[in-house]
Amino acid sequence: MLPWKRVLRPLTALLLTAAVAAVPAATAHASTATATATSSGWNDYSCKPSAAHPRPVVLVHGTLGNSIDNWLSLAPYLETRGYCVFSVDYGQLPGVPLFHGLGPIDKSAQQLSDFVDQVLSATGAAKADLVGHSQGGMMPRYYLKFLGGAAKVNALVGLAPDNHGTDLDGLTHLLPYFPGAGDLIKATTPGLADQITGSAFLTKLNAGGDTVPGVRYTVIATKYDEVATPWRSQYLSGGDVHNVLLQDLCPLDLSEHVAIGLFDRIAFHEVANALDPAHATATTCASAFS
């Protein structure tokens, strides 16, 4: 191998790793002060679910997010509507503070399992509802399917979940042309590697069907998604599935992958409908002001 190729190979791998991570990194513009601050109105283990909302809601952040920053808007939105709301941190790598969701996703699912048990024990509820953004909308499916979560979860709501992986608008198709790039991503950030379309993790997750009996699934997608692509791959097939495109509810909604989870109140209204379908109201552009 020529010397310049020996130099370019690891450099290219590093650049591709950065490209895989760059866009979803916007989900976590975290500061130490924000991430360590006590949340206001959620993660209150003295909260007891009401008759109107009998299940606690567990929020599951996305890649490079954390349990605070990802939910600064949605957690209060649900809390003010009478829900007991909790948020979990998962997928931490040693020496990497604040930016989570990078560890192996099967291990992250076990962390979610332990957290749900903790929430159910504290609240006395028989089941929880899960709401996740990006990886956080997909990873819980492993918990439901392989770790006994279906017995403890009533509904899973995914905001832009990469249920069948992502090709990052075709970028991941370039990996085979750069020897070592895929191995580097897998070795340093296995949670990213697990989300690439066709990964061993996703093959196992989706084998035999997308859903498990007894759980209600809602997917809320945006056609402007630039991370979980193609956006239609977010949709699920199977029993008790409701796939929603934001632009069918409000053509003026321009939210992309990050905004749908961080501050889109139209998406939040649809989350509320999914959590309480018996009292659902129409989601429209006006829901941005509700």
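Student: Which cysteine does the disulfide join to Cys 250?

Tutor: A disulfide is a pair of cysteine sulfur atoms within 2.5 Å. Here Cys 250 is joined to Cys 285, with an S to S distance of 2.0 Å. The model is a predicted one, in which local features need pLDDT of at least 70 and side-chain atom pairs count only at pLDDT 80 or more, while totals for chains, interfaces and linings use all residues. Residues are numbered from 1 along each chain as its sequence is written, and side-chain values use heavy atoms, with hydrogens and water left out.

Student: Is the link of Cys 250 and Cys 285 right-handed or left-handed, and where do Cys 250 and Cys 285 lie?

Tutor: The link of Cys 250 and Cys 285 is right-handed, with 100° about the S-S bond. Cys 250 is found in the loop between helix H10 (246-249) and helix H11 (257-262), and Cys 285 in the segment after H12, so the pair ties together parts that are 35 residues apart in sequence. Helices (H or I, at least four residues) and strands (E, at least two) are DSSP runs, numbered from the N terminus.

Student: How many residues of helix H12 are buried?

Tutor: Helix H12 (residues 265-275) is mostly covered, with ten of its eleven residues buried. Among them are Ile 266, Phe 268, His 269, Glu 270 and Leu 275. At the start of H12, a side-chain oxygen of Asp 264 comes to within 2.8 Å of the backbone nitrogen of Ile 266. A polar contact is a pair of N or O atoms within 3.5 Å; within protein, one must be able to donate a hydrogen and the other to accept it, and residues adjacent in sequence count only if both atoms are side-chain atoms.

Student: What does the side chain of His 133 reach?

Tutor: The side chain of His 133 reaches the backbone oxygen of His 257 at 2.8 Å. His 133 belongs to strand S3 (residues 128-133) and is buried, with a relative accessible area of 0%.

Student: How many salt bridges does a search of the whole structure find?

Tutor: Side chains of opposite charge can pair when their charged atoms come close. A salt bridge is a side-chain nitrogen of Lys or Arg within 4 Å of a carboxyl oxygen of Asp or Glu. The search finds four. One of them pairs Arg 55 with Asp 129, the closest N and O atoms being 3.0 Å apart. Arg 55 is in the loop between H2 and S1 and Asp 129 in strand S3, so placed that the pair links distant parts of the chain, 74 residues apart. Arg 55 is partly exposed at 22% relative accessibility, whereas Asp 129 is buried at 1%.

Student: Which side chain meets that of Asp 117 in a salt bridge?

Tutor: The side chain of Lys 152 meets that of Asp 117 (2.8 Å, N to O). Asp 117 is in helix H4 (residues 105-123) and Lys 152 in the loop between helix H6 (140-146) and strand S4 (153-159), 35 residues apart. Asp 117 is partly exposed at 31% relative accessibility, and Lys 152 is partly exposed at 26%.

Terms used. Buried < 20%, exposed > 50% of the residue type's maximum accessible area, 1.4 Å probe, protein only.
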